[in-house]
Amino acid sequence: MSDALRKAEDAVREAETNTADVAHIVAAVLATQAAQQPPAAPAPTPARRPIGPYVAAGIGGAVALTFLAMAAALLAVAVAVGAVCATVCLLVLRSVWQDMQRKGR
């Protein structure tokens, strides 16, 4: 029995040594991790910008777009009037040409 008791005591001593070694290793790893992690930077505060210039730019853009649309519509009307005038002119000239051809015979 004394042999078994001696073996048990040796196992307890070895376990105590292993436990202390493991505790030292864990402490070293935690200290290394804490040293490697950079401190968290504070979040930047959002910049507050005035809304007025954006509203003015939006209204100005809408007005400019309206004027461009009106100019495009006016151009379309001018092209249509020009096409009608050209058609009437060609019809009149054709009629005159036909009259001259009939009188010349």
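1. Is D99 buried, partly exposed or exposed? D99 is partly exposed, and its relative accessible area is 36%. The structure discussed in this note is a predicted model, and the remarks below should be read as remarks on that model.

2. Overall make-up. The protein contains 2 helices and 0 strands. Of its 105 residues, buried ones account for 0%.

3. The salt bridge. The model has 1 salt bridge. The partners are D99 and R102, whose closest N and O atoms lie 3.7 Å apart. This pair counts because the cut-off for a salt bridge is 4 Å. As background, side chains of opposite charge can pair when their charged atoms come close.

4. Where the pair sits. Both D99 and R102 belong to helix α2, which covers residues 52–103. The two residues are 3 apart in the chain, about one turn of the helix. R102 is exposed, at 56% relative accessibility, while D99 is partly exposed, at 36%.

5. A nonpolar patch. Which residues make the nonpolar surface patch? They are I51, V55, I59, V63, F67 and M70, and the patch has an area of about 630 Å². One of these residues, V55, is in helix α2. V55 has a relative accessibility of 44% and is therefore partly exposed.

6. Cysteines. How many disulfides does the model have? The count is 0. C85 takes part in no disulfide, and the nearest cysteine sulfur, in C89, is 8.8 Å away.

7. Exposure of the cysteines. C85 has a relative accessibility of 48% and counts as partly exposed. C89 is also partly exposed, at 40%. Neither cysteine is buried, because buried means under 20% relative accessible area.

Definitions and conventions:
Residues numbered from 1 in each chain as written. Predicted model: local features only at pLDDT ≥ 70, side-chain atom pairs only at ≥ 80, totals over all residues. Heavy atoms only, no water. Salt bridge = Lys/Arg side-chain N within 4 Å of Asp/Glu carboxyl O. Helix = DSSP H or I, 4+ residues; strand = E, 2+ residues; numbered from the N terminus. Buried < 20%, exposed > 50% of the residue type's maximum accessible area, 1.4 Å probe, protein only. Patch = residues over 30% accessible without salt bridge, like charges linked within 9 Å, V, L, I, M, F, W, Y side chains within 5 Å. Areas by Shrake-Rupley, 256 points an atom, 1.4 Å probe, with all protein chains shown as cover. Disulfide = S-S within 2.5 Å.
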